[in-house]
Amino acid sequence: MHKNKENKVLDIKLDAVSKSLKQSIKNLDSYTHVRGESLYVDDINIRQGTFHAVVFDAPKAHGKIKRIDYSKAEALEGVERIFTYKDVPGENEIGGIIPDEPLFAEAEVHFWGMPIALIVAESEFIARKARGLIEIEIEDLPVITTAKEAKAKGSFINAPRSFSLGDTEKAFADCDYVFKGETFSNGQEHLYIEAQGAYAEPMENGNIKVTSSTQGPTAVQKTIAKVLGIAMHKIEVDVTRLGGGFGGKEDQATPWAVMAALATYHLNQSVKLILNRHDDLRMTGKRHPYESTYKIGLTKDLKILAYQTEFLQNSGAAADLSPAIAERTLFHATNSYCVPNVTTKVLSCKTNLPPNTAFRGFGGPQGMFVIESAIAKAAHEIGVPTRKIQEANLLDENDTFSYGQIAKKVEAKNTWDSAKNIFNTEALEREVAAFNKNNASFKKGLSFMPITFGISFTNTPMNHARALVHIYLDGSVGISTAAVEMGQGVNTKMMQIAADVFSIPIEKIKIETTNTTRVANTSPSAASSTADLNGKATLMACNALVERLKTVASEDLNVSEKDITLKEEAIFVNGKKSELSWTNLISSAMLKRVALTENAHYATPEIHFDKTKEKGHPFAYHVYGTAITTTTIDCTRGTYEFDSVKIVHDYGKSMSEGIDLGQVEGALIQGIGWMTMEEIAYNKDGRLLSNALSTYKVPDIFSVPKTVEVIPVETEGNEMAILKSKAVGEPPLMYGIGAYFALQNAIKAFNPNYDLQFHAPMTPEKVLMGLYENTK
Amino acid sequence: MITFILNNKTIKTSEHSGTTLLDFVRYQQRLTGTKIGCREGDCGACTLLVGTLSNDTVEYQSITSCISPLGNAHGKHIVTVEGTNLKDKLTTAQEAMNANYATQCGFCTPGFVVALTGFALSNSDKNYSNAIDAISGNICRCTGYKAIEKAAHQVVEKLENKTETTLEWLIENQFIPDYFESIPKRLNDIAAKDLNQPKGKYVSGGTDLYVQQADHLADNNVHLIAEKDYLKGISIENNICTIGTNATVSDLWNHTELNTILPNLRKYLKLVSSEQIRNMASLGGNLVNASPIGDMTIFFLALNSTITILNSEEKERTIALKNFYQGYKTYDLKDDELLKSIQFKLPTEHSFFNFEKVCKRTHLDIASVNTAIHISIENETISEAHVSIGGVAAIPKYLHDTSAFLIGKPLTSETILEANEILQKEIAPISDVRGTNDYKRLLGRQLFFAHFTALLPKQFTLNDFIPHA
């Protein structure tokens with residue numbers, strides 16, 4: 001680790017981080033991951049006679065199907081059968097929130113890539129070849145690709161939502177400064193490296209087992225049952241692990257699993273459907289693009305008195321999770337700031353793009369980008385550094401969010417001030433200014449990015465989970481929960497909880513696959529809440545077992561239960577090790593016919609939200625942090641590098657420092673990707689142009705910031721978080737927003753005539769155009 | 001029969017030689033550690049090592065198996081992640097990934113492990129920069145790479161800055177299992193004869209063809225030429241450099257003399273794809289791909305190269321590369337002809353060569369605009385000039401007018417500004433996914449200026465071309 005000149009505070013902090021990383025638990029899956037032995041859906045041994053499937057999809061974004069001829073495809077040797085909506089025995093409907101999305105198109109197609117049929121053949125190769133032989137004729141209907149067009153045509157998913165606090169209109173009149181503007185943030189492809197896929201197998205009595213790469217096994221089970229018109233108990237969904245999800249497999253893993261199950265239902269044979277990358281990119285939705293307008297009002301002392309926005313969410317051709325995502329945009333519209341008068345409105349606009357969906361941050365990042373843009377615009381117009389406005393408005397204890405929740409245990413100022421002090425940002429700013437003065441062809445830019453992110457599903461009824469814990473008679477332990485492991489390390493955290501409660505080595509604990517027959521009716525692994533919800537349930541189950549075991553031990557040792565503790569695989573009485581070991585205790589419990597299995601249910605307390613009033617207390621707690629980003633632009637070429645991102649992050653009391661740091665770094669880079677190089681492009685006909693990895697670029701190892709320093713803020717954590725270790729999956733993504741504004745500041749340093757625009761991502765193209773706009 | 005060693009096992013197969021190595025390894029051999037991410041060489045999840053017998057040692061290189069024909073494995077040692085595993089413990093590369101939290105979802109991880117193991121086995125200097133180059137073609141969507149950087153540091157540390165590693169040392173230090181020691185002899189014993197090949201589509205490295213038409217190639221005859229000796233080799237004689245069209249980008253990278261003649265060669269080539277792709281991609285393939293934006297094409301156009309073409313009757317003809325391209329993806333090559341070699345006159349002490357490329361992502365991306373220049377200066381006057389530019393026309397463009405204009409002119413900013421005016425008339429960019437027409441024009445100008453600020457930093461700065469900078 002490099003040493004920082006004249007910054008001993010930072011060195012001490014970095015040393016502490018480095019030490020904690022050495023001691024921190026490693027991801028329990030690492031061993032098989034690095035050996036290539038972890039099993040993903042495409043890796044499991046398939047049964048003899050398994051068929052392979054490929055999806056035939058719409059080659060137009062909007063139109064009436066006039067004619068489809070499958071005859072040549074059906075005649076191809078090795079093609080077993082082609083399934084369409086006509087083969088659906090139940091409902092041809094997969095919409096989760098709103099029933100507005102067919103599994104297979106019927107009379108019309110609504111987006112380019114919309115599934116029309118499933119080709120099942122002896123091999124994927126044959127199925128793909130057959131797809132090329134299908135003839136289709138479509139009568140064009142008008143195509144909408146942008147949210148603005150949709151709004152103009154009155155094309156919406158549902159009714160708009162609006163939050164308000166105070167009296168915005170009146171407050172604007174009292175402002176010394178009022179600015180208006182527009183912003184755009186583009187979509188983002190999830191690019192889980194493992195594409196979507198599922199494997200369905202016929203079981204006895206018409207039951208079907210589906211192995212799916214999904215974040216939401218229950219959604220898959222429920223939807224299969226609905227489409228097949230059979231009961232949920234006939235469908236078993238199993239998830240080994242995901243090769244990345246990021247929200248892209250919360251809702252959109254479902255159709256592929258349903259199609260595979262449908263084919264298995266008809267053929268009574270196993271069917272595998274793994275999308276190839278091009279199909280995945282074309283057929284699945286992405287992060288929602290947002291077109292927004294804002295109005296911000298400030299007083300002379302830079303207090304934001306009033307803020308008003310209208311978010312146009314490009315939802316795509318069906319609701320998918322858009323209404324919930326729109327809602328979270330409103331929840332995070334004021335980011336880390338206390339604004340006394342707020343009016344926010346979001347319209348979910350129906351277009352002819354693939355239905356856009358969950359993506360890490362779930363609408364929050366889009367909301368935050370707008371207020372950060374508004375503040376940058378105001379700062380530019382007033383002529384003060386952006387950070388002065390940011391700093392003047394940071395949330396305080398007992399401030400009210402626009403949705404009525406009172407802010408408690410707020411760390412906004414704490415992380416901000418810590419970042420300033422630990423990283424000595426005044427010196428950093430001086431360095432940037434000196435560099436810019438001395439360099440004509442390279443410019444640096446710096447930005448501050450505070451974040452405040454609410455933890456819980458905003459749909460209160462979803463905040464529950466269950467854990468099923470077995471202690472086997474040899475003392476080993478098996479745990480099933482609703483948590484899906486997708487790289488976030490949730491399995492490791494579950495194991496840590498059990499190892500801690502039972503005080504046994506982690507080798508004695510196994511985390512089972514996520515399976516709907518063991519843990520039913522679950523919420524998806526999403527909203528950063530998976531470890532909290534499932535961890536709390538696991539903790540409850542383990543504690544219940546320990547209580548029972550203490551009774552057994554008290555009888556065996558003839559001591560009082562309250563004097564007993566479990567420690568180092570043994571039973572301690574009043575802090576002294578007894579002769580009774582963990583394994584013997586389990587044997588004894590077996591002989592005494594004590595249940596060694598526990599099923600616990602956890603539901604987050606305290607939270608509530610009233611959608612009729614748009615007020616309540618939807619979040620268990622908030623996660624806070626501040627990032628400082630520095631970039632250098634090559635003003636000749638318009639290319640750029642990030643020198644550093646320095647973060648003070650509120651982990652609470654992290655239970656797995658290595659895993660949590662990995663979440664912060666990974667989310668940060670994904671956020672930077674969204675803000676810089678990841679550019680989704682559709683043409684006006686609704687065809688995806690960024691349809692391959694050669695045209696859609698995500699960060700590679702050369703494009704990440706040279707230095708990323710993440711210092712934990714010292715807080716008490718929160719009781720609502722598992723072992724006070726706060727949720728960490730999504731919040732750090734929004735640190736990446738700082739990249740946009742650092743770049744913008746660097747452009748300003750080169751081109752005083754640059755017209756501030758808030759149009760993400762800030763690609764090298766936009767940088768170069770910005771550097772030279774309004775110049776001769 | 002295609003014959004090779006896969007990990008520790010000898011394979012003899014009559015599978016179609018045009019099927020991908022990835023499919024063979026994953027679905028025929030059930031080695032599922034090799035993952036499918038993109039099937040176009042852009043993610044590295046399917047990275048494998050290819051060991052080639054050279055004298056009595058085996059040289060290992062990493063490749064992306066999704067765009068590599070199975071037939072190219074003939075006579076080689078192919079290593080998957082399973083083939084690097086030790087019994088009941090992690091290898092040094094695996095442990096470095098594990099200890100530094102460099103794996104999250106794990107799907108890209110085997111690719112990184114194989115690439116890092118390939119780095120340990122390779123002939124390159126064992127420094128951090130080379131370690132990162134080795135994994136430059138591997139995309140990770142979870143970690144944000146900082147943990148992977150730490151893992152790379154740890155691997156380099158364990159390699160003790162060695163320039164060369166022996167199999168013995170690597171086995172002893174747990175980089176690879178001990179069966180590797182037997183591979184040179186076993187490859188020798190296989191003594192793979194040339195494959196009996198049908199007539200079919202010529203395929204060398206396959207890096208472009210398999211992106212465009214993998215299904216077609218797996219279903220039709222292919223004629224593999226990567227091992228044809230008469231298309232190989234780099235030679236320098238009488239100030240002329242001749243490069244066989246089968247030479248890979250890595251062959252250029254590794255050529256000592258070429259790196260002396262073009263001191264920034266590796267800097268330029270680093271902008272050309274990833275190490276995995278550089279190990280496979282042939283120069284000839286890049287030329288006949290005829291992409292208006294082919295990096296190596298732009299590179300060799302500015303060197304005013306000629307190409308030698310061979311027909312089925314073994315007759316040769318030589319033409320200027322700048323006359324080879326006729327229109328979008330069309331060129332002067334008949335059905336029975338094959339590119340044999342490319343030749344160019346070496347730069348002199350009075351001449352300067354530069355290559356520029358800008359894309360959305362600096363590495364492993366296709367350029368928005370790329371350009372090269374080779375310019376000779378005598379007495380402050382430009383005596384010879386060749387400028388090429390890609391991404392702004394239907395063909396990889398040799399700028400005839402701009403080049404001609406520069407000759408005989410004094411080397412001043414006025415000359416360069418005027419030349420840009422001509423350049424702008426010669427190009428006709430269109431708006432597409434790599435940028436708008438306006439952007440490409442501006443970028444063309446900027447990169448043209450960049451040639452001069454990069455080559456002659458004492459004489460020119462951005463200020464000389466952009467008044468207010």
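Which residue in S19(A) is the bridge partner of Val477(A)? In S19(A), Val477(A) has Ile509(A) as its bridge partner.

The model is predicted: local features need pLDDT of at least 70, side-chain atom pairs count only at pLDDT 80 or more, and totals for chains, interfaces and linings use all residues. Residues are numbered from 1 along each chain as its sequence is written, while chains are lettered from A and ligands numbered from 1 in the order in which they are written.

**Sheets**

Helices (H or I, at least four residues) and strands (E, at least two) are DSSP runs, numbered from the N terminus. Two strands pair if DSSP finds at least two bridges between them. In chain A, four strands form an open sheet with mixed pairing, in the order S19-S18-S17-S24. Strands S19 (509-511) and S24 (597-603) of chain A stand at the edges with a single partner strand each, so one side of each has no neighbour in the sheet. From one strand to the next, the twist averages 20 degrees. Strand S18 (residues 477-481) of chain A pairs with S19(A) in the parallel sense, over three bridges.

Two helices lie across this sheet. Contact here is defined by C-beta atoms, placed from the backbone, that lie within 7 Å. Axes are lines fitted to C-alpha atoms, for helices over the stretch in contact, and angles run from 0 to 180 degrees between N-to-C directions. Helix H15 (residues 490-502) of chain A lies across strand S17 (464-471), S18 and S19 of chain A, and runs at about 150 degrees to S19(A). Helix H16 (residues 530-557) of chain A lies across S17, S18 and S24 of chain A, at about 40 degrees to S17(A).

Chain B has an open sheet of five strands with antiparallel pairing, in the order S8-S9-S14-S10-S11. Its edge strands are S8 (234-237) and S11 (316-320) of chain B, each of which pairs on one side only. Strand S10 (residues 306-310) of chain B pairs with S11(B) in the antiparallel sense over five bridges; within this pairing, Ile309(B) has Arg317(B) of S11(B) as its bridge partner.

**Helix packing**

Helix H7 (residues 217-228) and helix H8 (residues 254-267) of chain A pack at an angle of about 45 degrees, with their axes 9 Å apart. The two helices H7(A) and H8(A) are therefore oblique to each other. For this term, angles under 35 degrees count as roughly parallel, over 145 as roughly antiparallel, 65 to 115 as roughly perpendicular and the rest as oblique. H7(A) passes H8(A) in a right-handed crossing; a crossing is right-handed if the near helix is turned clockwise from the far one by less than a right angle, and left-handed if anticlockwise. Residues of H7(A) in the contact include Val220(A) and Ile224(A), and those of H8(A) include Ala261(A) and Leu262(A).

In chain B, the axes of helix H3 (residues 92-99) and helix H4 (residues 109-121) come within 9 Å and cross at roughly 130 degrees. That makes H3(B) oblique to H4(B). Ala93(B), Gln94(B) and Met97(B) of H3(B) meet residues of H4(B), among them Phe112(B) and Leu116(B).

**Domains and the chain contact**

Domain bounds come from an automatic or database domain assignment. Chain A has domain 1 (1-21 + 410-457 + 613-776) and domain 2 (464-603), whose C-alpha centres lie 39 Å apart. The contact takes 14 residues from domain 1 of chain A and 13 residues from domain 2 of chain A. Chain B is divided into domain 1 (1-214) and domain 2 (229-464), with 31 Å between their centres, taken over C-alpha atoms. Here 19 residues of domain 1 of chain B are in contact with 17 residues of domain 2 of chain B.

Between the chains, the contact takes 66 residues from chain A and 64 residues from chain B. H18(A) gives the largest share of the side of chain A that touches chain B, with eight residues.

The table gives contacts by class: Ala, Val, Leu, Ile, Met, Phe, Trp, Tyr, Cys and Pro count as nonpolar, Asp, Glu, Lys and Arg as charged, and the others, Gly among them, as polar.

| Contact or side | Residues by class |
|---|---|
| H7(A) with H8(A) | ten nonpolar, two polar, no charged residues |
| H3(B) with H4(B) | six nonpolar, three polar, no charged residues |
| Side of domain 1 of chain A that touches domain 2 of chain A | nine nonpolar, four polar, one charged residue |
| Side of domain 1 of chain B that touches domain 2 of chain B | three nonpolar, 13 polar, three charged residues |
| Side of chain A that touches chain B | 29 nonpolar, 22 polar, 15 charged residues |
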